[in-house]
Amino acid sequence: GKPVFAAVLMHTFKRAVGIEILASLHDAALKSLTFWNKHIEEFASQPTTATGAQQDCQDASENTRALKTALEFFCGDITKG
């Protein structure tokens, strides 16, 4: 799960998908996704400060980008059909 969240924060994607083989890791990813969905909008909409305004605008743009990415997690082994 963690690499999916990191990727979304670092790059622009329409959709990001995580696949966990172990059920416990899948459960942890879903728990993180619940937290993400609850708090990311609040984080992305934080007002910028007067100091470092240019960097703040860039950060806000990147944070808003993360909101637009659809996140999904699956449990299973993709090497087995």
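Predicted model: local features only at pLDDT ≥ 70, side-chain atom pairs only at ≥ 80, totals over all residues.
1. Buried side of α1. Helix α1 spans residues 2–10. Its buried residues are V4, F5 and V8. Viewed along the helix axis, they sit within an arc of 95 degrees, so they line one face of α1.

2. Exposed side of α1. K2, P3 and M10 are exposed. They lie on the face of α1 turned away from its buried side.

3. F5 and W36. The structure has two aromatic pairs. In the pair of F5 and W36, the ring centres are 5.2 Å apart. Their planes meet at 45 degrees, so this pair is tilted; edge-to-face would need over 60 degrees. F5 belongs to helix α1 and W36 to helix α2 (residues 23–44), so the contact ties together parts 31 residues apart in sequence.

4. Burial of that pair. F5 has a relative accessible area of 11%, so F5 is buried. W36 is also at 11% relative accessibility and counts as buried. The cut-off for buried is under 20%.

5. F5 and F73. This aromatic pair is tilted as well. The rings are 5.5 Å centre to centre, with 35 degrees between the planes. F73 lies in strand β2 (residues 70–75) and F5 in helix α1, so the pair links parts that are 68 residues apart in sequence. Both F5 and F73 are buried.

6. The cluster. F5, W36 and F73 form one aromatic cluster. F5 takes part in the pair with W36 and in the pair with F73.

Methods:
Residues numbered from 1 in each chain as written. Heavy atoms only, no water. Buried < 20%, exposed > 50% of the residue type's maximum accessible area, 1.4 Å probe, protein only. Helix = DSSP H or I, 4+ residues; strand = E, 2+ residues; numbered from the N terminus. Arc of directions from axis to C-beta. Phe/Tyr/Trp six-rings, centres within 6.5 Å; stacked < 30°, edge-to-face > 60°.
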